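I opened my notebook to look at some helices. I wanted to see how a pair of them packs and what one residue touches.

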Amino acid sequence: MSLPADLMELREEEIRAHYTAAAGLLEGFDHTPRIAKPKEAPNAERSPGIGRARRFRSTTPGLVTRSTARPEGVHLADRIESADGDDPLISPLQATVLHALRRAIAIALAVGDGFAEQTELAALRRANLEGRLGADKSTAFSELLTAEALIALHVFANATSYLLADHASEASIEVGAVDEVLTDNAPLALNGALWELDQELATFATSEDKLVATVLAFVEQLMEKVALRAQTASHLGPFTSANYRVEADDLTISGFTPARAHRGSTLTMTFKKPNEVVGNHIAKYQAMKLAKMLMAYDFDRKLNPFAELGGFIFTFMGDGKPGTGKTTLIQMMAGLVNDYCTVAGYPFRYQNFGIDNIDSYQGKSGQNAKAFINNVLDPNVIGFGTVDDIDQIAGKRGDRQSSAGQQEVTAVLMESFSGANTVVRGNCTFGMFSNYPENVDDALRQRAGARFLVDGPRTREDYIDILHLLMGKNHDIPLGDHDLYAAQEIKSAVARSFEAHSKPHEAGLMNVFDRVHDKIGGLDDIAKIGTYLKGIQEADERFTGRSIKNITDAVKVRAMDFELPDEWMENPELFLVKDYDTKKAMIAELRVPITTDMVIQEINRYADSEFRYADKSDEAAIEAMVRDFGRQEEAKKRFLGGK
């Protein structure tokens, strides 16, 4: 099988060559902790009257800060085998954990060898052993050793998490931050990590059902700590720019990005068909398009042609009054993606981040939000993540009524949806839904690239359709003079909805549009449209460069204003299993030209939503201040009356 240019095969013989060394580490080694403090209770004193602490403390410069802890024997194999109490035989689960750890250590050492050969580390290491390492190379040698140590630690944790994912249970363990992260060299780094893992197992793995949970919790924390260190380390380019493929495990190592197991969610929600979503024409149309866009993702290239060509919706916000159909829209889109993935044989993962993920424990809410993001971002699955009632979950910055947990969630979502490290591969999308979007932090709301106005049934035909749908079949009431569901015919309904945005709907934006139109005439070129954008900014200072990006992204979506044919989804051979370049060419042929009407309609759609949010937000703030002033005045009267 030919591999993409950036995919490097990690051969099985290279991994198995390190099995002996990996098994030796599991059997036992000595390690003196340098940063972390032992958690395990100390051994009993041999002579109760004699303390074990050293009597003298060195005053020699440089030695005073050196750790005086004694080296402790680390026997991970024995520790794991003792997790089941007095049973003298090793259990299948314990054997699985030991095999996974040995395999992960061997993979880490093999990747480290590959990194050393790709860089000058291998040559510098030989020169150092032979005593001919020049002073001019000592700094580079030290930095490369640090890079190799970080790589070995992350690959070890990454592979362990991946290999044990199928054995995870419902047990939840909080191991806390990892401390013993040593970066002098790869062997010492692994010694420190395994020593601390041994400490965590001694503390938390008191029974076999907690064994895998403890290991997984530890390696998750280790990956997070190492990834942060790697942001400031040098010489990591050869590792981060390539993907290592371990065919036997179906594992792809992509830099410091966690590799999740190819497991999808088994959805138990009630799916809805598109004709069961009454009204909401634009939102329904875009959700149906987005579901098909996700299926264009290429698992070998780890990229979606729509993300490269433009027009992919990474984040969107659906807002509307209570009862207008936001939950139904989620059920419809999740059902479509689930059905498409079933046909294609792709793993699908759906996850919702709800109010129950807000925790009173400091930092835990942020960790929950990051885990939610990482699970959906996993490049090995098609992902759909939703944040329902986001106004209750993510707090406004500076809002005294928001809890610390809500503020943590806001920070994580902002960084993940459009931060410096955000990479849009096109395998997943995030939807934020709210009845009160004006209560969402302005900066977070602007990170929603598309806006789905969920307005529910609007016309007489819509109300007849939804009444007929919800009444069910257990009645004999005649339908009457009505063409059932004809108003829900998506193409004509969407065309009418888009045309309705040729002019603004909100009063504030309408004033700007009329003023600019009277001054410069029709908006038929870039300069005039730019003048209109400047007029909007003068009316609302929150209309920034990010707003323009969201609008242009929406225009690119309109340029992709076509549905991938249904037969492409039903027969994988026609599209889904083709190579990336072929899929990209097939999509490019379907693109339509961008027109000024498209641009103006998308400006008005986006700006209308911002003016709607701002007006509601300002009005809510004014009403709150009026209530506060009224309470203060009444309190003042009572206070003076009491005197």
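I worked from a predicted model, where local features need pLDDT of at least 70, side-chain atom pairs count only at pLDDT 80 or more, and totals for chains, interfaces and linings use all residues. Residues are numbered from 1 along each chain as its sequence is written, and side-chain values use heavy atoms, with hydrogens and water left out.

**Entry: H5 and H6.** I looked up helix H5 (residues 121-129) and helix H6 (residues 138-164). Helices here are DSSP runs (H or I, at least four residues), numbered from the N terminus.

Which residues of H5 make the contact (heavy atoms within 4.5 Å)? They are Leu 121, Leu 124, Arg 125 and Asn 128. From H6 come Ala 140, Phe 141, Leu 144, Leu 145 and Glu 148.

Entry: I found 21 of the 27 residues of H6 buried (under 20% relative accessible area, 1.4 Å probe, protein chains only).

**Entry: Ser 547.** I placed Ser 547 in helix H21. Ser 547 counts as buried because its relative accessibility is 0%. Leaving out residues up to four places away in sequence, Ser 547 touches Gln 446, Arg 542 and Tyr 606. Leu 533 is 14 residues from Ser 547 in sequence and 9.8 Å away in space, C-alpha to C-alpha.

Definitions and conventions. Axes fitted to C-alpha atoms, helices over the stretch in contact; angles between N-to-C directions. Helix = DSSP H or I, 4+ residues; strand = E, 2+ residues; numbered from the N terminus. Contact = heavy atoms within 4.5 Å. Buried < 20%, exposed > 50% of the residue type's maximum accessible area, 1.4 Å probe, protein only.
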